[in-house]
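Student: I have a structure to read and I am new to this. Where do I begin?
Tutor: Take one feature at a time.

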2 protein chains.
Amino acid sequence: MNSEFDIIRRYFTRPSRRALLGVGDDAAIITCRTGMDLVASTDTLVADRHFFAHTDPANLGHKSLAVNLSDMAAMGATPRWVMLSLTIPRELAQDDAWLNAFSSGFFTLADQFDVELIGGDTTCGPLNIGVQIMGEIQHGRALKRSTAVAGDDIWVSGELGNAALALGYLRRKIVLTPQEAQACLSHLDKPVPRVGLGQQLQKLASSAIDISDGLLADLGHILRSSGIGAKVDFERIPCSSALRKKLMPGHLERKLAMDCLLAGGDDYELCFTAAANNHEALVQLSQQSNIQLSCIGEIVTGDGLTLSTVAGVPIHHERKGHDHFLA
Amino acid sequence: MNSEFDIIRRYFTRPSRRALLGVGDDAAIITCRTGMDLVASTDTLVADRHFFAHTDPANLGHKSLAVNLSDMAAMGATPRWVMLSLTIPRELAQDDAWLNAFSSGFFTLADQFDVELIGGDTTCGPLNIGVQIMGEIQHGRALKRSTAVAGDDIWVSGELGNAALALGYLRRKIVLTPQEAQACLSHLDKPVPRVGLGQQLQKLASSAIDISDGLLADLGHILRSSGIGAKVDFERIPCSSALRKKLMPGHLERKLAMDCLLAGGDDYELCFTAAANNHEALVQLSQQSNIQLSCIGEIVTGDGLTLSTVAGVPIHHERKGHDHFLA
């Protein structure tokens with residue numbers, strides 16, 4: 001029988017490197033370097049809400065950390081330390097294969113980003129995975145939501161809608177070829193947080209957010225926080241060819257595809273604003289980093305978001321984004 | 001209908017005071033002062049495991065923060081910032097009275113300890129309340145579990161077993177008078193974290209832990225971490241007169257009472273060790289702070305914990321403490 005402390009010791013205890021004190025006391029101790037701010041965030045994954053209960057535990061370990069790394073990316077911060085609050089049903093606590101796969105998925109990604117697990121809490125109950133992340137950034141340099149200004153360009157990284165397309169496919173609402181399905185599913189199951197990009201945007205972007213609830217919702221947060229509006233060109237929103245096909249006028253799945261692109265969530269790409277005179281530098285950054293960066297519109301005075309075709313035909317889309325209590 | 005963002009805005013957003021950036025962005029930003037360490041911990045309360053689902057929401061708000069403040073107390077740290085990861089069922093998300101009471105209980109205690117809510121996460125699912133707490137302490141001054149040495153006295157604050165006694169009463173396993181029940185229930189529902197005491201122990205204690213899983217289990221953590229053993233005098237373990245009565249030899253509820261005292265959990269008192277020559281200073285601290293401090297035994301070489309009467313008769317107690325997966 002695994003006790004609470006067996007689980008912590010076997011699966012989640014590693015020697016601390018940068019922390020003064022890691023797993024195994026009432027609290028962890030870290031030292032912030034002079035001139036640095038500490039950036040802290042938390043994101044929780046709930047079974048049957050954020051993931052299917054039968055999800056591959058290695059992917060789940062990966063994703064529970066990835067969504068938190070994505071918050072650090074959106075601030076331009078360097079992730080350093082994490083804590084894991086793991087609530088698991090009694091049967092999973094005795095499932096060594098599950099615990100092994102979950103912790104492997106978690107630590108593989110942690111190692112990739114040089115992030116250290118310094119503490120947490122293990123309790124019994126319906127599966128609920130909470131991760132708290134802490135990072136560092138030079139004082140005053142964090143990318144906020146509230147600092148976009150009229151005239152800024154609006155950019156997004158990568159392609160949007162892939163994870164939502166995969167979810168639609170798993171729910172048998174959307175048809176995909178096996179190749180398309182495979183590509184989309186990796187976005188849903190193993191999102192790649194844009195940590196390096198976020199750090200490089202520190203000097204180039206005026207505001208940033210990660211797209212977790214869908215473009216319209218998350219760009220909407222920037223607009224409300226900054227007290228400004230936006231014009232977005234629908235055709236410039238980057239997406240996969242699988243999704244692009246379904247967006248063609250008259251396509252049977254067009255409405256669902258629009259939902260995926262605009263309100264899908266789980267993208268974990270960055271949406272950011274930047275002064276127009278940084279346009280060329282961002283094109284270069286895209287080339288150097290091999291990360292697609294697309295300018296999709298501009299920040300305007302006023303409020304609200306206007307979505308239209310490049311030809312200027314307005315597009316109305318009802319669903320703005322994912323909300324746990326309204327979904 | 002309350003959306004996720006309505007709940008955050010209405011119940012959990014307050015202007016930040018010490019934080020550079022509080023609720024409402026991808027992450028919060030704080031600045032640690034030079035020469036201070038950051039102390040971080042997290043504790044989760046799960047419905048039907050840590051509390052009855054019908055618990056008064058104001059007490060639940062209090063307790064979810066109190067158990068985290070208690071971890072700061074055990075480190076000797078000054079709590080500063082908290083994040084709240086709230087997973088609530090759909091119906092509670094629409095229950096304004098519940099949300100109001102919960103947030104009031106939480107913020108009343110936060111104000112009392114001058115702690116600031118700087119972020120969190122609100123999701124839909126089975127009730128699960130995760131709090132992450134961060135505090136400050138002068139570099140190198142934190143009270144750890146691993147630093148007790150042979151010859152140290154073992155101390156505990158307050159009285160042990162009250163919360164467990166209340167739980168036994170609620171489960172109709174233990175009989176209490178109405179007055180006894182009322183006194184015990186306040187320990188279970190509204191524990192008072194020993195934050196001030198923890199800070200004052202910085203210079204006097206050699207190690208510390210908060211008693212959340214029961215004296216034997218938590219003192220056991222100090223012993224294992226420090227690689228030493230302990231002798232504890234049963235009669236010197238402080239408890240209420242209600243519990244003391246039931247501990248009398250021959251009492252029908254003696255076994256249950258022993259469980260409450262030694263392995264009950266939810267006490268949130270401090271167990272700490274201190275050099276014998278700090279005895280007098282600790283007696284004075286107890287008088288000045290009006291907090292009962294009891295010397296219950298001493299640290300010895302070797303390992304394991306020997307519990308005996310003052311007359312030297314050994315006491316065996318099977319149940320060591322609370323474990324979520326073995327309980």
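Predicted model: local features only at pLDDT ≥ 70, side-chain atom pairs only at ≥ 80, totals over all residues.

Student: Which residues of H4(B) are buried?
Tutor: To count as buried, a residue must have under 20% relative accessible area. In H4(B), the buried residues include B:Trp98, B:Leu99, B:Phe102, B:Phe106 and B:Phe107. B:Gly105 and B:Ala110 are also among them.

Student: What do the buried residues of H4(B) pack against?
Tutor: They pack against helices H1, H2 and H3 of chain B, and against strands S3, S4 and S5 of chain B. After H4(B) comes B:Asp114, with a positive phi near 55 degrees.

Student: Now the sheet. In what order do the five strands stand?
Tutor: Read across the sheet: S1(A)-S2(B)-S5(B)-S3(B)-S4(B). The sheet is open and the pairing is mixed.

Student: Which strands stand at the edges?
Tutor: S1 (28-30) of chain A and S4 (116-124) of chain B. Each has a single partner strand, so one side of each is left without a neighbour in the sheet. From one strand to the next, the twist averages 20 degrees.

Student: How many bridges join S3(B) to S4(B)?
Tutor: Eight, and the two strands run parallel.

Student: Which strands does helix H1 of chain B touch?
Tutor: H1(B), residues 4-12, packs on the sheet and touches S3 and S4 of chain B. Its direction makes about 150 degrees with that of S4(B). Helix H2 of chain B, residues 57-75, packs on the sheet too. H2(B) touches S1 of chain A, along with S2, S3 and S5 of chain B. The direction of H2(B) makes about 145 degrees with that of S2(B).

Student: Is B:Ala166 buried or exposed?
Tutor: B:Ala166 sits in helix H5 of chain B. Its relative accessible area is 0%, so it is buried. Leaving out residues up to four places away in sequence, B:Ala166 touches B:Cys184, B:Leu185 and B:Leu188. B:Ala166 and B:Leu185 are 19 residues apart along the chain, with their C-alpha atoms separated by 5.2 Å.

Student: Which residues does the "binding site" annotation cover?
Tutor: The unreviewed UniProt entry lists A:His50 and A:Asp266.

Student: Where is each of them in the chain?
Tutor: A:His50 is in the loop between strand S2 and helix H2 of chain A. A:Asp266 lies in the loop between helix H10 and strand S9 of chain A. At 18% relative accessible area, A:Asp266 is buried. The residues it touches include A:Lys63, A:His187 and A:Ser212. Its side chain makes a polar contact of 2.9 Å with the side chain of A:Lys63.

Student: What is the phi of A:Tyr268?
Tutor: Near 55 degrees, a positive value in a residue other than glycine. A:Tyr268 is in the loop between H10 and S9 of chain A, and is buried at 7% relative accessibility. B:Arg172 also has a positive phi, near 60 degrees. B:Arg172 lies in the loop between H5 and H6 of chain B. At 78% relative accessibility, B:Arg172 is exposed.

Key. Residues numbered from 1 in each chain as written. Chains lettered and ligands numbered in written order. Heavy atoms only, no water. Pairing = 2+ DSSP bridges. Helix = DSSP H or I, 4+ residues; strand = E, 2+ residues; numbered from the N terminus. Axes fitted to C-alpha atoms, helices over the stretch in contact; angles between N-to-C directions. Contact = heavy atoms within 4.5 Å. Buried < 20%, exposed > 50% of the residue type's maximum accessible area, 1.4 Å probe, protein only. UniProt positions renumbered as here; feature names shortened; annotations may be inferred. Polar contact = N/O pair within 3.5 Å; in protein donor to acceptor, adjacent residues only side chain to side chain.
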